[in-house]
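User: Could you take me through how to read contacts, strand pairing and salt bridges in a structure like this one?

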Amino acid sequence: MPPSSTRARTRSALLIAASTAGALMLVPSAFAVPPTPPPAPAATSLQPTSDDVARVAAKHRAPKAEVQRTAGQLAPIIKALTPKTPPTVRKGGTVTAKVAKAPVDECFGSVGGPRPAPGADGSCPSGFLPKRNQAYAHGGVRGGDHVFFGTSANLTCGGPGLLGPYSPGLKTKNLVCEGSQGPSAPLFGGNWGDWRAPHVYRVNADTEKTEDITPTPEQAPGMRSMMGVRGQAYHDDVVLLAGPRLTPAGGVSGLNVLAYEASTGRFIGEKLLPEYSNMRTGVVIRGELYVGARATGGTFGAGGVVLKWTGDKADPFRFEVVAGGLPHEPAYITGHDGRIVTANWSTFRPGQAVGGSPEMFISPALPARGGLTHTHATKWKPIFQLSQYEPDPVIAQAGMFGALTSWRGKLYFSTMYYPTYNTVNAWAYYGKPKTEIGRLNTYVNAERGLQLFEMTDPGKANQKVSLLYGDRTVPVYDTATKTWVHKKNKLNQTPRFGPSGFGNRWNNYSWQMTVFNDQLYLGTGDFSNFLPEHAELMKDPALFGVSDVTAELLKPVVNSVSAVYGGADTWRMTDPNRAATPFNLDGYGNRLAHGVRFWVPFEDKGKLFTGSATFANLANRSRESGGWDLTVLK
């Protein structure tokens, strides 16, 4: 198996990740991820030429002078979006191989039309395209000698629920969203018309054999309304996989939890926990399992708790609240210096964030035995808010904290920004510009790439936060002049190593972190590959409402961004005093995979498993395909 040119050594690693879901296609274990071709060089200029203006004017039967004027107005926007040449990937002695791939599970002919099942080989009848609905490999966790993970289908098509009302229908060469004409619209509304029930898989870490262990509808009727398998935890031979329950109104209410016996893969049962609406990461600290959960309330839930698992195989659904009444969901948690630290998300409404800037909390000191109890539920304290870095209060409220971990005695934490949500949230608070150029200008100024921070002595008087990747100054909206102006970040720091997003403004997420053999790996949600589809969505009057002429003039920069940056990134730190280096920049061989959604390390076996996420469901090309991927690094 030849080593991938995008991999570096995995002898020591911490990782941040992105996401996928799907059904299953086994891939021969000898199939290595193909070497990454050199990235497309950044263009020197992507501004429209006089020939471009003439061509666009003729195509759309628009006055040439009007097209020229639009091109001039777009010039600063195109300049801001123009990609830079990516850094060189540092490969090492790591071999990377595909383990499994989401199978073709449907055949697509037309929006709202028939959806015949594919043949056993994934083939479809004449006039139909193979389709992979399961896009995210969510909820990956180690259970003994196996990886357990679940999936989520067509999550990109559910974007209207978060971004506010707009027409969800979309058809490109890579993606179709049927929206109100999708098969699930009668159940959950048009925003979730493309929903499909999730799957659950179990992977033998030694043989790399993957099996579908999805329970039957009779065993787990709650999966018929489960958004996807987003959360995961393991302790005492029990694997817990969980996901929000969709409501007929298109929101979420209730958390559906599945339980498995890790050693055998036996399905134990399921239970709906109505008081919660989401769960993500579970961690075992000093022999006790803790998980963060979002409380039920509003469209998508509000506030959060930290739970300690008190169950067993006979009753795996028992929990005790050990942190209650948190203002935001503790989406990520980790142990550090005998305490638990949370990294919280924002509270979302469609098109608008509420409830103030998200924060990080730290627990009281963990008891030597028995862990935290309900008596500690009100004794957690905040240690950092996103507004302590981000100077724009509206953006600080819409951003989220991402993955975090303890590494070499320090706490590393990061941020996430849902693509375009900063923009629509800014419109909600600052007003939506009346012109398409004004709306695009908000997009250029309000969107953010991820930041990475280092914290020492969290929760103590001498606590120190250092900016590793971020920006010295960022655009802030001036409500008096109604313009965007640059202001220093509120830490008043110059980043130690580099700019936000590792220099790629579409690296919006740090999805997961993990330590593997004492090195730090960071896997991103890189949404550059979705930009051509996003440009089509920009035409929607409820979003940017750009004209066909403007969309055509933006095509060169949009396509260049996708070609240069496309594919999820993994970055690696080998030393806290050295900058991260790129480990992979092409979604592990699938440039349409926008993120690394989980990492499951097996240090005793010298293997690291990763699951990916993609927006695509129609693409079926060698280096660009829809559906989740499962990859192993050796």
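Analyst: Let us begin with contact, which means heavy atoms within 4.5 Å. Please keep in mind throughout that the model is predicted.

User: With which residues is Met360 in contact, leaving aside its neighbours within four places in sequence?

Analyst: Beyond those neighbours, the partners of Met360 include Val341, Thr342, Ala343, Lys381, Pro382, Ile383, Phe384, Leu411, Phe413 and Met455. Met360 also belongs to the largest nonpolar core, a set of 104 residues in which Tyr332, Met360, Phe384 and Phe413 have the most contacts. Helix 9 (residues 548–565) supplies the largest share of this core, with nine residues.

User: How should I read the pairing of a strand, and which strands pair with strand 13?

Analyst: The general idea is that two strands pair if at least two bridges are found between them. Here, strand 12 (residues 238–246) pairs with strand 13 in the antiparallel sense over eight bridges, and Val239 has Tyr260 in strand 13 as its bridge partner. On strand 14 (residues 267–273), which also runs antiparallel to strand 13, there are six bridges, and Leu273 of strand 14 stands opposite Leu255. Both pairs form hairpins with five residues between the strands: in the turn between strand 12 and strand 13, Gly250 has a positive phi of about 90°, while in the hairpin of strand 13 and strand 14, Gly265 takes a positive phi near 80°.

User: Why is strand 13 described as largely enclosed by the rest of the structure?

Analyst: Burial is read from relative accessible area, with under 20% counting as buried. Strand 13 (residues 252–261) is largely enclosed because nine of its 10 residues are buried.

User: How many salt bridges are there, and what can be said of the residues that form them?

Analyst: A salt bridge requires a side-chain nitrogen of Lys or Arg within 4 Å of a carboxyl oxygen of Asp or Glu, and by this rule the count comes to 29. One of them joins Lys101 to Asp629, with the closest N and O atoms 3.2 Å apart; this pair links distant parts of the chain, since Lys101 lies in strand 2 (residues 96–101) and Asp629 in strand 37 (residues 629–633), 528 residues apart. Lys101 is buried at a relative accessible area of 5%, and Asp629 is buried at 6%.

User: Is Arg266 buried or partly exposed, and what of its partner Glu261?

Analyst: Arg266 forms a salt bridge with Glu261, the closest N and O atoms being 3.5 Å apart. Arg266 counts as partly exposed at 42% relative accessibility, whereas Glu261 is buried, with a relative accessible area of 12%.

Key: Residues are numbered from 1 along each chain as its sequence is written. This is a predicted model: local features need pLDDT of at least 70, side-chain atom pairs count only at pLDDT 80 or more; totals for chains, interfaces and linings use all residues. Side-chain values use heavy atoms; hydrogens and water are left out. Helices (H or I, at least four residues) and strands (E, at least two) are DSSP runs, numbered from the N terminus. Buried means under 20% relative accessible area, exposed over 50%, partly exposed in between (1.4 Å probe, protein chains only). A nonpolar core is a set of buried Ala, Val, Leu, Ile, Met, Phe, Trp, Tyr and Cys residues joined through side-chain atoms within 4.5 Å.
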